[in-house]
Amino acid sequence: MQVKGDALVNKLILLFVFDKMEVPLSENTVLDMCCSSNSWISYMDCKPLLGTLLDHSFIYNVADQGEPLYGITPDGRVCLADFYVRIPSSLREEISLFVKNNRTKYKKKQECNADYYMNKDGTYTVFLKIVEPSQPLLELKLVVPNRQTAKNIYKKWEEKAGNVYATVYDCLVD
């Protein structure tokens, strides 16, 4: 059974993560950071807390065609500032260090989306996307002959997306 103070601390932990990351985050990113990669909050507590923070306007939802992204609001920052000390200092340091070491990785993972599926004729379609918080920057759909090729493109997309975007942009904009 959860003690009332734990819910407040968990909400503050989420606000602290949003504040430290400085970019809107997907629900999957928050769950991975707070529950899977670290044990700051249990999965069963984290998911409903996102809804609660959204309902109380401490975080906002960035409308996107794909997965929604959440960011901290000014009210969320005020709440965090008022109750900051309720988060144990060792946990604040741990979160700050984790974010510092992993911000770029999570940001890139959110910005570069890829997926693939098999077509009726046995070929595969690979969807590649670069997304900013408000809109997609680039969307590509490639048909490739086999699953292995699709998997290779899928795996390389996060690393190569920036170069692909720059090449396409440079070729088309003179």
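**Labels and cut-offs**

Analyst: Val168, Tyr169, Leu172 and Val173 make up a nonpolar surface patch, with about 380 Å² of accessible area together. This is a predicted model, so local features need pLDDT of at least 70, side-chain atom pairs count only at pLDDT 80 or more, and totals for chains, interfaces and linings use all residues. Residues are numbered from 1 along each chain as its sequence is written, and side-chain values use heavy atoms, leaving out hydrogens and water.

User: Why is valine 168 called partly exposed?

Analyst: Its relative accessible area is 30%. Buried means under 20%, exposed means over 50%, and partly exposed is in between (1.4 Å probe, protein chains only). Valine 168 lies in helix H6, residues 147-172.

User: And what makes methionine 44 exposed?

Analyst: Methionine 44 has 65% relative accessibility, so it passes the over 50% mark. Methionine 44 is in helix H3, and helices here are DSSP runs of H or I with at least four residues, while strands are E runs of at least two, numbered from the N terminus.

User: How do you know that S1 and S3 pair?

Analyst: Two strands pair if DSSP finds at least two bridges between them. S1 and S3 (residues 69-72) have two bridges, in the antiparallel sense, so they qualify. Serine 26 has leucine 69 in S3 as its bridge partner.

User: Why are S1 and S2 said to stand at the edges?

Analyst: The open sheet of three strands has the order S1-S3-S2, with antiparallel pairing. S1 (25-26) and S2 (59-62) each have a single partner strand, so one side of each is left without a neighbour in the sheet.

How values were computed: Patch = residues over 30% accessible without salt bridge, like charges linked within 9 Å, V, L, I, M, F, W, Y side chains within 5 Å. Areas by Shrake-Rupley, 256 points an atom, 1.4 Å probe, with all protein chains shown as cover. Salt bridge = Lys/Arg side-chain N within 4 Å of Asp/Glu carboxyl O.
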